[in-house]
Each structure stands twice: as C-alpha cells, then as structure tokens.
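Me: I am new to this structure and would like a close look at one part of the surface, followed by a careful walk through some of the parts inside. Please take your time and connect the pieces as you go.

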Amino acid sequence: MTPRTATLIGLTAILMWSLLSVMTVATGKIPAFQLAAMTFAIGGLVGLLTWIGRGAAAKSLRQPLVVWIVGVGGLFGYHALYFLALRFAPPAEAGLLNYLWPLLIVLFSSFLPGERLAVHHVVGAVLGLVGTVLLFAGNTSGFTQGQLPGLAAAFIAAFVWAIYSVLSRRLKAVPTDAVAGFCLATAALAALMHGLLETTVWPDTTLQWLSVIALGIGPVGAAFYAWDIGMKRGDIRVLGAASYATPLLSTGFLIAAGFANASANITIAAILIAGGGLIAAKDMLLRKR
C-alpha cells in the first residue's frame, strides 16, 4: 500500500465521523451505553470479517495490558460520553463542542518529544475557544439545567479522544487488526454498564434500526480501521489538517437532516473552531520534507 492510498483511506474516516452526530440522533431514544454496546458489537464484527482467510490476524490480540487500556479506554470512554451528550444536549451545540478534539490533538502533540508549543498553536487554541464561547452566547433561549450534563459530557469527550489519539501515535507497532478486539471489548463493557444503569429501549422504526446498523458499520466501525491505516501508513500532516473539517461537515449534515437549525452563530462558531485548528496545524501543512 502506497502512502497516498493509505492517506485516502484515512480521509474516509473523517467523512464517516462527520455522520456520527446525525446517525446517532436518528437512532431515537436508545440509552447511551446500550447504543454503544450495539454499535461496537457491529464494528467489531466488521473487523473480524476482514480476518477471513488470514489466520495470523488473531495474533494481533496478543498485546500488552497498556495497549488494551489505551484502546478500550479511548473507544469506550469517548463514545459513552459522546452518545450521552447527544441524548441530553442540543445536537449541533454538543457536536461542535465535542469537535474541539482536533485542536486538542495538535496542542497535546506539541508536548511530545521533538515537538514544541509555538505561537500559531496558541493562536489556534484562542480561536477555538472564541468559537466555543460564541456557540454558547448564540443560544438566545439559554440551555436548560437538564442539558448541562450533556454539554459537559461533550466537552470531556473531546479531551478523551485527543488523549487517546496522541497515545495511539506512540503505539505504532500495534497492528490495525487489534482494533477489532478493542471494539468487541468496548461493546462488552458498554453492555455491562447498560445492564447496571439503564433500561433497555429498542428502536421503534425501521429507520432507527437502519441508523444503528449504519452507525456500527461506519462511524463506530470501519472509520477506526481506516484512521489507523492512515495514521500509520499515510501522510499524518494531511490527515491531521483535514480532521478540522469534521465540525463543519457534521453541523451541515445535522441541518440537512432537520435535526438542527441553521444560524449565523453556529456557522461562525464552526468556522472559528475549524479555522483555529487549521492555524494550530500550520506546521503539519507547511513543514518541509
């Protein structure tokens, strides 16, 4: 596989993640942990199907404990928080708040060995913060007390995914096949939490069932494998910069599907957050080979 092909594969993950919000909202009132269990089980099955004819693929599950903690902790922690956010908070606002993660990845990566925090990193962070403040200020009706836990979950989820991503870059030797194991372990853990904390709610309509299946196959399934391939074999600079288009695409899909209303404030907030990320990632775009 050439770097160009791997990069293109990685870019498909960004497109799939842009559909995460609209697909999650379309699943109805399924509790967060139940939805995570259902979709990650499907996502894990997607990975297992690629093992057919490759008997050695199962050996990828033999990883040190720290690898499993990072993999399962990142996938389970992020998605449990994200699904929770979309259940209690307005989807557009929760989605944009959560999509601070590309900016956080740039900031956190700057502290890795061989990297440093430059002026453009700070400028990008400030723009992202301004966009987030505008997002809240633009909600003229105000957020209800019941929505605050969802907004908090969206904010924390951004940090969880950023930390997971940065730590994953330090585990480059772990094969992509191992992601299937992470997905299945996440599904089992989510099912356990669902049994302890939630009441089972099954989809009411065919559309909701199809949304669950599509969510498991795409944003909570194939996207992880595609991203892993892109990060390990493709152009990380291109993938890192392109990820900042996610909040713009995500909000656009929500509005197109009728789950959010278009407004100047949401548009400006999305542009500031995405623009801040692009500025913060300037070195990934302009670094000389």
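Reply:

**A nonpolar patch and the helices**

On the surface, a nonpolar patch is formed by Leu 45, Leu 48, Leu 49, Ile 52 and Leu 184, which together have about 460 Å² of accessible area. This is a predicted model, and the values given here are computed from it. Helix 3 (residues 32-49) supplies the largest share of the nonpolar patch, namely three residues. Leu 184, by contrast, is found in helix 9 (residues 178-197). With a relative accessible area of 33%, Leu 184 counts as partly exposed, because that class lies between the limit of 20% for buried and the limit of 50% for exposed.

For helix 4 (residues 65-88) and helix 10 (residues 206-233), the angle is about 145 degrees and the axes are 13 Å apart, while the crossing of helix 4 and helix 10 is right-handed. The residues that meet there are Leu 75, His 79 and Phe 83 on the side of helix 4, and Leu 215, Val 220 and Phe 224 on the side of helix 10.

Helix 10 also holds Asp 228. Asp 228 has a relative accessible area of 15% and is therefore buried, since buried means under 20%. Once its neighbours within four places in sequence are left aside, Asp 228 is in contact with Pro 175, Thr 176 and Val 179.

Burial can also be followed along a whole helix, and helix 6 (residues 101-109) is a case to look at. Eight of the nine residues of helix 6 are buried, so this helix is largely enclosed by the rest of the structure. The buried residues of helix 6 are Trp 101, Pro 102, Leu 103, Leu 104, Ile 105, Val 106, Leu 107 and Ser 109.

Ser 250 is buried, with a relative accessible area of 2%. When its neighbours within four places in sequence are left aside, Ser 250 is in contact with Ser 18, Ser 21 and Tyr 99. Ser 250 can also be set against Ile 14, for these two residues are 236 residues apart along the chain, yet their C-alpha atoms are separated by 10.0 Å.

Terms used: Residues numbered from 1 in each chain as written. Predicted model: local features only at pLDDT ≥ 70, side-chain atom pairs only at ≥ 80, totals over all residues. Heavy atoms only, no water. Patch = residues over 30% accessible without salt bridge, like charges linked within 9 Å, V, L, I, M, F, W, Y side chains within 5 Å. Areas by Shrake-Rupley, 256 points an atom, 1.4 Å probe, with all protein chains shown as cover. Salt bridge = Lys/Arg side-chain N within 4 Å of Asp/Glu carboxyl O. Helix = DSSP H or I, 4+ residues; strand = E, 2+ residues; numbered from the N terminus. Buried < 20%, exposed > 50% of the residue type's maximum accessible area, 1.4 Å probe, protein only. Axes fitted to C-alpha atoms, helices over the stretch in contact; angles between N-to-C directions. Left-handed = near helix turned anticlockwise from the far one by under 90°. Contact = heavy atoms within 4.5 Å.
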